[in-house]
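Please have your viewer open as you read.

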Amino acid sequence: EVGEVVLEGLPEGMDREGLLETLPLAPGAPFSDGAAETGRRRLAESLRGRGHAQAETELRVEVTGPRSVRLLYRLHPGPVYTFGRLVVEGPGPDLVPMVQRVARLPRGERYDPEVVEDVEWYLRQLNLFRRIRLEARPQADGSLDVHALLSEREHRRLELGVGWFSDEKLRASAAWEDRNLFEGGRGLRVSGMNSSIYTNGTLSTWWPGFWGAPNTLFLSLSHQLEKEEAYFQRESRASLALVYRPDPRYSVRGGAAVSLIGLDDKTVQRDLVQDPEGLITRVFLSRTRDGRDDPLFPTRGWTQRQSVEATPPDLGSVAHFARAQAEAAWVHSFHPSVQLAGRGLIGAGGPFGPSEELIISERFFAGGSRSMRGFKRHRLGPKDEEGNPLGGNFLFEASAELRLPLYRKLRAALFVDTA
């Protein structure tokens, strides 16, 4: 067993007891080569997190008795560095200023490896490079220049897709994009999709680093047909949004959209409320925080999102309403291939001003493959005399599922839903 744990070479100002508590082996614990090596790596990471970019640690195991050992960790912290320049190598000259702006390397601040990881994340989100490698190189003045070694990917891409879905049945989609059509990371995407429920076409463009490093400006023009059981809606929309992302796990999106709509309500309410047709102007704001370890196949962590939108008065809208929604999800691993996941959602909305009812296309519906899976699409909730779903002004959903491996990449889930 471990008899004693000793740290040598600890820099002045660092908490010795706090560092010892981070080690997996303490006096009295059974000795393990793997745990001792994990402790060595943790000490090196702690030093680098305090600015010692070139810190190294050594581990020595000394036998002190018939059944006891002494763990000696020798620390070689090296100097404390500050961030210097971000040197961009590889991409075309139009991308270099944008990369330096978006990367947000805090020049003059103490070195922190997490900042370097954030820089890499920001660069990957641009979707402009097939290879990203960051190297920290010491300078004579005590700073570290970070060299971003980048290889551009093919910016133009054509996508074609066909799929079968529980709600929509057959769905076909196509898209073309150029991620750097207007240079400086400013791109264009044209996309379309058709199914039994939706038909839409969208033209969108974006500008990374707009009005400050963590911002991206989005402009989109779209036309969509919604062919729901309870209503049919035509909508042509222009939308302008600004996404502010101060760190990789947090973002705020705000903007405005102007739509021309034509709505045909198929429920019995069609005789009570005139179908709106004309202009709707809305403003929206959403906030997202993502703490998952992987956005596509998470094994642990959580995510949450809150959003609000409203149609301001005196802007010529044919319907006035406000909506708010909050959603959270989490996942926990009991085993590398077994996860327990949960999700909860709550939403509320209603009319205001001259409007007496929330128009049916803005109401909340439950039921379907992405909602309450025991019901067909939109079939859980209020219905009219003919059985058409009316939707509602309030929605609550929750679910939990156990994800299990079956064979190779094939997986199964045992789930329970409530709404």
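## Helices, core and loops

His-378 sits in the loop that links strand E17 (338-351) to strand E18 (394-407), where helices (H or I, at least four residues) and strands (E, at least two) are DSSP runs numbered from the N terminus. The model is predicted, so local features need pLDDT of at least 70 and side-chain atom pairs count only at pLDDT 80 or more, while totals for chains, interfaces and linings use all residues. Residues are numbered from 1 along each chain as its sequence is written, and side-chain values use heavy atoms, with hydrogens and water left out.

His-378 has a positive phi of about 65 degrees although it is not a glycine. Glu-183, in the loop between strand E8 (169-178) and strand E9 (187-194), also has a positive phi, near 65 degrees. For context, most residues other than glycine have a negative phi.

How exposed or buried are these and some other residues? The table gives the relative accessible area of each; buried means under 20%, exposed over 50%, and partly exposed in between (1.4 Å probe, protein chains only).

| Residue | Relative accessible area | Class |
|---|---|---|
| Leu-128 | 1% | buried |
| His-378 | 14% | buried |
| Gly-163 | 17% | buried |
| Glu-183 | 47% | partly exposed |
| Arg-110 | 49% | partly exposed |

Now to the helix pair. Helix H3 (residues 96-103) and helix H4 (residues 113-125) pack at an angle of about 130 degrees, and their axes are 9 Å apart. Axes here are lines fitted to C-alpha atoms, for helices over the stretch in contact, and angles run from 0 to 180 degrees between N-to-C directions. H3 and H4 are therefore oblique to each other; angles under 35 degrees count as roughly parallel, over 145 as roughly antiparallel, 65 to 115 as roughly perpendicular and the rest as oblique.

Which residues meet between H3 and H4? Val-99, Val-102 and Ala-103 in H3 meet Val-119, Tyr-122 and Leu-123 in H4, contact meaning heavy atoms within 4.5 Å. By class, this contact has six nonpolar, no polar and no charged residues. Ala, Val, Leu, Ile, Met, Phe, Trp, Tyr, Cys and Pro count as nonpolar, Asp, Glu, Lys and Arg as charged, and the others, Gly among them, as polar.

Leu-123 turns up again in the largest nonpolar core, which has 24 residues; Leu-123, Phe-129 and Leu-150 touch the most other members. Such a core is a set of buried Ala, Val, Leu, Ile, Met, Phe, Trp, Tyr and Cys residues joined through side-chain atoms within 4.5 Å. Two or more residues each come from strand E4 (82-89), H3, H4, strand E5 (129-138) and strand E6 (143-152). Leaving aside neighbours within four places in sequence, the contacts of Leu-150 include Val-99, Leu-123 and Phe-129. A separate core of 18 residues has Leu-7, Leu-10, Ala-29 and Leu-71 among them.

Arg-110 is in the loop between H3 and H4, and, not counting residues up to four places away in sequence, its contacts include Gly-49, Tyr-81 and Phe-83. Leu-128 is in the loop between H4 and E5. Leu-128 and Met-98 are 30 residues apart in sequence and 11 Å apart in space, C-alpha to C-alpha.
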